[in-house]
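Biologist: Can you walk me through this one? I'd like the helix packing, then the metal site.

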Amino acid sequence: EAKAKGRNTFHFYSQELDEAANERLYIENELRLAIRDNQFTLHYQPQVDYRNNEVVGYEALIRWEHPERGPIPPTKFIPIAEATGLIVELGEWVLEAACRFSVKLQKQGKVGNMSINLSARQFKDSNMKRVLSDVLARTNMPPKLLHLELTESMLMGDVEAAISQLHQIKALGVSLSIDDFGTGYSSLSYLKRFPVDILKVDRSFVKDIPEDPNDMEITAAIIAMAQKLNLEVVAEGVETKEQVDFLANNNCYVVQGYYYSPPIPEQSVEVFKVQ
Ligand code: C2E
Ligand code: MG
Ligand code: MG
Ligand code: MG
């Protein structure tokens, strides 16, 4: 009995692993076709200043509409694109498409600040600086309107190499943000040495405000620290009026989240008004 059960358990797990491996392989193959066939679009999520209800910028977020499967979320395919190196080509496409759209908005007299997510592989790529300056030139994007989002984990490891790469990228005139701040484990002494401009408070701290007093303390502390270090601070994943009010009362005025708007397609951005 026990033996049979053990064998079944083994088969059960091994079958699950097979399925996960097959799914990975499937996504990897489909990613190649998707890049070739332009199955990607970008959506843009407004960042709003609480004090005057003005949009101050957008974050570009990639979307994949698979012809048979429908939408596949970035949390599923970005790690695979990263592991296979496909992210380098895909990331360059994101960069160029987001810059082009920003320039279009600027021509309409709208705010052009554009945040894009960089992956670890792109950040470490020795061609990164050249790719960036080529895209900026090709699209006529004013460098200071481009905000590159990095995560703490990308900067740890070889910290000296990361600092040098950050300085080289910054020399192009772009701004740098730390995304999902508080979820990685960068030490505060390093934070001071990274030439970054913006901290994005991770959604995990914001989502249980006002029920969780610990999260409220942590969020307030992150905002206070950002200000001490002369960094701008943006809160992510803000969904309720209570959260916006709490953040503003603690001196974080720029917020991004479903409370103001989910990520939206280009045509919706062009007519977007803060409610
Ligand atoms: P992220 O950069 O931290 O982006 C924020 C994520 O939170 C987005 O998920 C956004 O849709 C979601 N979000 C925004 N407001 C709210 C809210 O109020 N509530 C909740 N529950 N969620 C909210 P999305 O678009 O699925 O992207 C997930 C992650 O995938 C991103 O996290 C980023 O790490 C990665 N990603 C997305 N686009 C790109 C890209 O073009 N390149 C790279 N390298 N990574 C990307
Ligand atoms: Mg981001
Ligand atoms: Mg984030
Ligand atoms: Mg996040």
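Biologist: Which residues of α7 are buried?
Modeller: Val-159, Ala-162, Ile-163, Gln-165, Leu-166 and Ile-169. Buried means under 20% relative accessible area, exposed over 50%, partly exposed in between (1.4 Å probe, protein chains only). This is a predicted model, where local features need pLDDT of at least 70, side-chain atom pairs count only at pLDDT 80 or more, and totals for chains, interfaces and linings use all residues. Residues are numbered from 1 along each chain, chains are lettered from A and ligands numbered from 1 in written order, and side-chain values use heavy atoms, without hydrogens and water.

Biologist: What do they pack against?
Modeller: α4, α5, β5, α6, β6 and α8. Contact means heavy atoms within 4.5 Å. Helices (H or I, at least four residues) and strands (E, at least two) are DSSP runs, numbered from the N terminus.

Biologist: Now the metal. Which residues are the protein donors of the magnesium ion (ligand 3)?
Modeller: Asp-179, Asp-180 and Glu-236, with donor atoms 1.9 to 2.6 Å from the ion. Donors are N, O and S atoms within 2.8 Å of the metal (3.2 Å for Na, K and Ca); water is not among the atoms, so sites may look incomplete.

Biologist: Which residue bridges ligand 3 and ligand 2?
Modeller: Asp-179; the two magnesium ions lie 3.6 Å apart.

Biologist: Is Glu-236 buried or exposed?
Modeller: Buried, at 11% relative accessibility. Asp-180 is partly exposed, at 26%.
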